[in-house]
Amino acid sequence: MAAETVLQVTNLTKVYRSRRRGETVAVDNVSFSVRRNEVVGLLGPNGAGKTTTIKSICTILRPTSGKIWIDGADAIRNPRAALEKVTGVLEGNRNIYWRLNVRDNLEFFAGLQGQSLRSVRSYIDELIEMFNLQGKVKEQARTLSRGMQQKLAVACALVKRTPILLLDEPTLGLDVETSYELRWILKRMAQEGQRTILLSSHDMNVVQDICERVIIINHGKIVVDDKIENLKKLFTASAYRFEIEGHLSSHQERQLKERFDLLQISTNGNRTVIEAELLDSQRVYEIIDVLKGNGCQLESVGKQYPNLEEIFLKIVKGEKK
Ligand SMILES: Nc1ncnc2c1ncn2[C@@H]1O[C@H](COP(=O)(O)OP(=O)(O)OP(=O)(O)O)[C@@H](O)[C@H]1O
Ligand SMILES: [Mg+2]
């Protein structure tokens, strides 16, 4: 049975108005839904509208139009009710108290949500361990490294135990090790399946590591909303790579370029590599015919396995929808 929808965004539009820049349509009629316990990545280049979308869902921003329902609460008409269901960790705003130590911060945020200390103490211990902050419990947040502060911010969001967690660029600016550590923690949480997470990133690797589904947004509009696996298959099916010994004759090169649209030719020492996107796999043989025409030695033919980054760039450049 399909899990229920816990977050429903319908026709969300946000227009910023400023004297200097006039109107900016940051989010343009965006609709999507997230099911309970799903982990969804919101991916897009700078200025795509990710933060605006997340801030609207956290009720920090009032959308120009559209509807947002969070676990039964209308986030626009009744933000207070919605805020009991959702916690946001925004990039840049590390939402922790600088002068409180690690444990006090966690206790403070648990208390905010009306949880008694007794009931939450063992969960706090668990979080401290999960985020590897054991040696730091008595240190003031302001004295922690940036990576630790960011981990603490996520832990403070978790301790509120809202069913939905929104993370805006959770790994931005982290060193490689902490970035992987945080990904691993989020992935583990996702696998344990107790939270619904929507996270934004412009780093496809982060999304690929943590999420099962990705929504790609560009210029304020959704261009893709699909499982990461499906997205990979879609592109994998059509990308081929041919390698030959030696070089192509100018006649061969012309033939290939005339007959195939998305084709790249490069040389690697004494080898030539031809990469092509072929929606019809029969066309592989056409290419082979052209290559063999001049008595070339075909070294290999294979499918390309692009990573999410390449897929993302292709989509954003509008090569494919
Ligand atoms: N307060 C604001 N006033 C005017 N325009 C804004 C404001 N905040 C964002 N914008 C514009 O709205 C668009 C979307 O911005 P947003 O911050 O949502 O993008 P983003 O996807 O989070 O980008 P990034 O990856 O850089 O964080 C951009 O064109 C941005 O310049
Ligand atoms: Mg942003």
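In which sense, left-handed or right-handed, do helices H4 and H5 cross? The crossing of H4 and H5 is right-handed, where a crossing counts as right-handed if the near helix is turned clockwise from the far one by less than a right angle, and as left-handed if anticlockwise. The structure is a predicted model, in which local features need pLDDT of at least 70 and side-chain atom pairs count only at pLDDT 80 or more, while totals for chains, interfaces and linings use all residues. Residues are numbered from 1 along each chain as its sequence is written, and chains are lettered from A and ligands numbered from 1 in the order in which they are written.

The chain is divided into domain 1, residues 5–227, and domain 2, residues 237–316; these bounds come from an automatic or database domain assignment. A distance of 42 Å separates the C-alpha centres of domain 1 and domain 2. Between the domains, 10 residues of domain 1 are in contact with 5 residues of domain 2, contact being counted if the C-beta atoms of two residues, placed from the backbone, lie within 7 Å. On the side of domain 1 that touches domain 2, at least two residues each are supplied by helix H7 (204–210), strand S9 (213–218) and strand S10 (221–227). Helices (H or I, at least four residues) and strands (E, at least two) are DSSP runs, numbered from the N terminus. H7 gives the most to this side, with 4 residues. By class, the side of domain 1 that touches domain 2 holds 7 nonpolar, 3 polar and no charged residues; Ala, Val, Leu, Ile, Met, Phe, Trp, Tyr, Cys and Pro count as nonpolar, Asp, Glu, Lys and Arg as charged, and the others, Gly among them, as polar.

An open sheet of 6 strands has the order S6-S7-S8-S3-S9-S10, with mixed pairing; two strands pair if DSSP finds at least two bridges between them. Strand S6 (86–89) and S10 stand at the edges, each with a single partner strand, so one side of each is left without a neighbour in the sheet. On average, neighbouring strands of this sheet are turned by 15 degrees against each other, direction ignored. Such angles run from 0 to 180 degrees between N-to-C directions, and axes are lines fitted to C-alpha atoms, for helices over the stretch in contact. Strand S3 (residues 39–43) runs parallel to strand S8 (residues 196–201), to which 5 bridges join it, and Leu-43 stands opposite Ser-201 in S8. Helix H5 packs on the sheet, where it touches S6 and strand S7 (164–168), and its direction makes about 175 degrees with that of S6. S3 is also joined to S9, in the parallel sense, by 4 bridges, and Gly-41 has Val-214 in S9 as its bridge partner. S9 and S10 run antiparallel and are joined by 6 bridges; in S10, Asp-226 is the bridge partner of Val-214. These two strands form a hairpin with 2 residues between them, and His-219 in the turn has a positive phi of about 50 degrees.

The packing of helix H4 (residues 117–130) on helix H5 (residues 146–159) has an angle of about 150 degrees, with the axes 11 Å apart. That angle makes H4 roughly antiparallel to H5, since angles over 145 degrees count as roughly antiparallel, under 35 as roughly parallel, 65 to 115 as roughly perpendicular and the rest as oblique. H4 contributes Val-120, Tyr-123, Ile-124 and Leu-127 to the contact, and H5 contributes Ala-155, Leu-158 and Val-159. This contact has 7 nonpolar, no polar and no charged residues.

A further open sheet has 4 strands in the order S12-S13-S11-S14, with antiparallel pairing. Its edge strands, S12 (263–268) and S14 (297–303), each pair on one side only. Neighbouring strands are turned by 20 degrees against each other on average, direction ignored. Strand S11 (residues 239–245) pairs with strand S13 (residues 271–277) over 7 bridges in the antiparallel sense. In S13, Val-273 stands opposite Glu-243, and Glu-277 is the bridge partner of Ala-239. S11 is joined to S14 by 6 bridges, again antiparallel, with Gln-297 of S14 as the bridge partner of Glu-245.

The axes of helix H9 (residues 250–259) and helix H10 (residues 283–293) come within 9 Å and cross at roughly 165 degrees. H9 is therefore roughly antiparallel to H10, and the crossing is right-handed.
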